[in-house]
Amino acid sequence: MPYPPPSRTPSGPRRRTLLASAAGAALLAGCSAGADSGDDGPSADARARARAARDSRGLLARYDAVLAAHPALTDRLRPLRAQVAAHAAVFEDGTKPSPAASKSAPAPVPAAEKDAVAQLAAAERALADRRAKELLQVPGELARLLASVAAAGAAHAYLLTEVAK
């Protein structure tokens, strides 16, 4: 008598679970981020937050450039773009905006959709890696925020890689 095949559930987290948990963790960590110490110059925490906000704004500009060049990708990229915008807002909360942040132009967008999405995935991955390294050099709350946003960026890179296939 043959045995029925085992019921297999997919291994690993589902895409929606990854996105929801990464976004929720980033928002929760952002709500508890502390203010500057009040010194005359910007603290290391404030400089790291400003740098993270600038990086998120740069990534947001990349998303906007890809969406402008390839409007057919709007439905797929809109949720990820919205999370990147939320990350930038959380990092900017309580910091002075940098005037140089809006002047930098994003990299040119490839003509092929797959190449454009692959370039966006590479940018997400590089930023997530940079944030993961930086979180070792910042204090508690900001480190938790950077870790959450780095995890979200890694999830975005994975999802974008899947879209580019």
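1. Let's start with a helix pair. The axes of α4 (residues 113-134) and α5 (residues 140-164) come within 8 Å of each other and cross at roughly 160°. Axes here are lines fitted to C-alpha atoms, for helices over the stretch in contact, and angles run from 0 to 180 degrees between N-to-C directions. That angle makes α4 roughly antiparallel to α5; the labels are roughly parallel under 35 degrees, roughly antiparallel over 145, roughly perpendicular from 65 to 115, and oblique for the rest. The α4 and α5 crossing is left-handed, meaning that the near helix is turned anticlockwise from the far one by less than a right angle (clockwise would be right-handed).

2. A quick word on what you're looking at. This is a predicted model, where local features need pLDDT of at least 70 and side-chain atom pairs count only at pLDDT 80 or more, while totals for chains, interfaces and linings use all residues. Residues are numbered from 1 along each chain as its sequence is written, and side-chain values use heavy atoms, with hydrogens and water left out.

3. Who makes the α4 and α5 contact (heavy atoms within 4.5 Å)? On the α4 side you'll find, among them, V117, L120, A121 and E134, and α5 brings residues including L146, V149, A157 and L160. The residues in this contact divide into 14 nonpolar, 3 polar and 5 charged.

4. Zooming out, the protein has 5 helices and 0 strands, in the order α-α-α-α-α along the sequence. Helices (H or I, at least four residues) and strands (E, at least two) are DSSP runs, numbered from the N terminus. Of the 165 residues, 35% are buried; buried is under 20% relative accessible area, exposed is over 50%, and partly exposed is in between (1.4 Å probe, protein chains only). Among contacts between residues at least 6 apart in sequence, 78% join residues at least 24 apart.

5. Now the other pair. The α2 and α3 axes also come within 8 Å and cross at roughly 160°, so these two helices are roughly antiparallel to each other. Their crossing is left-handed. Residues including L59, Y63 and L67 of α2 meet α3 residues including T74, L77 and R81.

6. Which residues have the most contacts inside the largest nonpolar core? They are L59, Y63, V66, L77, L120 and L160, in a core of 18 residues. A nonpolar core is a set of buried Ala, Val, Leu, Ile, Met, Phe, Trp, Tyr and Cys residues joined through side-chain atoms within 4.5 Å. Helices α2 (44-69), α3 (74-92), α4 and α5 each give two or more residues to this core, and α4 gives the most, with 6. A second, separate core has 11 residues, including A48, A52, L145 and L146.

7. Two residues deserve a click. E134, in helix α4, is buried, with a relative accessible area of 11%. Leaving out residues up to four places away in sequence, E134 touches A48, R51 and L146. L67, in helix α2, is buried too, with a relative accessible area of 16%. With that sequence limit again, L67 touches L73, T74, L77 and R81.

How values were computed:
Contact means heavy atoms within 4.5 Å. Ala, Val, Leu, Ile, Met, Phe, Trp, Tyr, Cys and Pro count as nonpolar, Asp, Glu, Lys and Arg as charged, and the others, Gly among them, as polar.
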